[in-house]
Amino acid sequence: MRRSTIFWLTGIAIVIVAVFLVYNNLAPSVTAQDVNMKGTIRQTAADEYEVQLTITRTKEDKGQHTVYPLVPGWGSISFNEQDNRFIRPTSVGSTGAMEEILRQALQRQTATAITEFAGFSIPDAVGTYKMRFTIHPLGEQAEPIRQPMIYYVHHEKLLGKDLSWVSGEPLEIIKEYAE
């Protein structure tokens, strides 16, 4: 009887240690190193900027993801071209969970309070995706462009563990005024 008790306790301890090790080593399906983002922003009118993005993902994204262009004082994203070289997301907006992940990441980086977020998804598959869209001022007066960024927000939970992350890259400002 003593031997079977020791056997069961040892077996349960091994299972607990194995579960603990698996849980602590869980990793997201895609990491920031698997996503490469580049982008430019240029003025096309007094109250309009054009943003071009290229996002390359080397692994399939099994979680949720949203791409957020972030230019303080600017927003109102418009995908209005039917150019086959660029993808056009089916919707533009934000979800509460994704917005909160981005908001927390931004609060760790800067004290600037951003109130509006508008993002979009790209396909889950491996590949390079190009987008072109315009942004417009959020208020009556257009603010000068400062620190334009693009953020990739990944949201994934596995076995109750939050594997979410945020990656950001600055947008290159093209100084020429396009007409």
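## Order of elements

Helices (H or I, at least four residues) and strands (E, at least two) are DSSP runs, numbered from the N terminus.

This is a predicted model, in which local features need pLDDT of at least 70 and side-chain atom pairs count only at pLDDT 80 or more, while totals for chains, interfaces and linings use all residues. Residues are numbered from 1 along each chain as its sequence is written, and side-chain values use heavy atoms, with hydrogens and water left out.

## Overall dimensions

The protein chain has a radius of gyration of 22 Å, whereas a compact globule of 179 residues would have one near 16 Å; the radius is taken over C-alpha atoms, and the globule rule is 2.2 Å times the number of residues to the power 0.38. Along the principal axes, the C-alpha atoms fill a box of roughly 85 × 35 × 25 Å.

## Burial and contacts

Of the 179 residues in the protein chain, 37% are buried (under 20% relative accessible area, with a 1.4 Å probe and protein chains only). Among contacts (heavy atoms within 4.5 Å) between residues at least 6 apart in sequence, 77% join residues at least 24 apart.

## Surroundings of Gly 39

Gly 39 belongs to strand E1 (residues 35–45) and is buried, with a relative accessible area of 13%. Beyond its neighbours within four places in sequence, Gly 39 is in contact with Gln 52, Leu 53, Leu 171 and Glu 172. Gln 52 lies 13 residues from Gly 39 along the chain, with 5.4 Å between their C-alpha atoms.

Notes. Buried means under 20% relative accessible area, exposed over 50%, partly exposed in between (1.4 Å probe, protein chains only).
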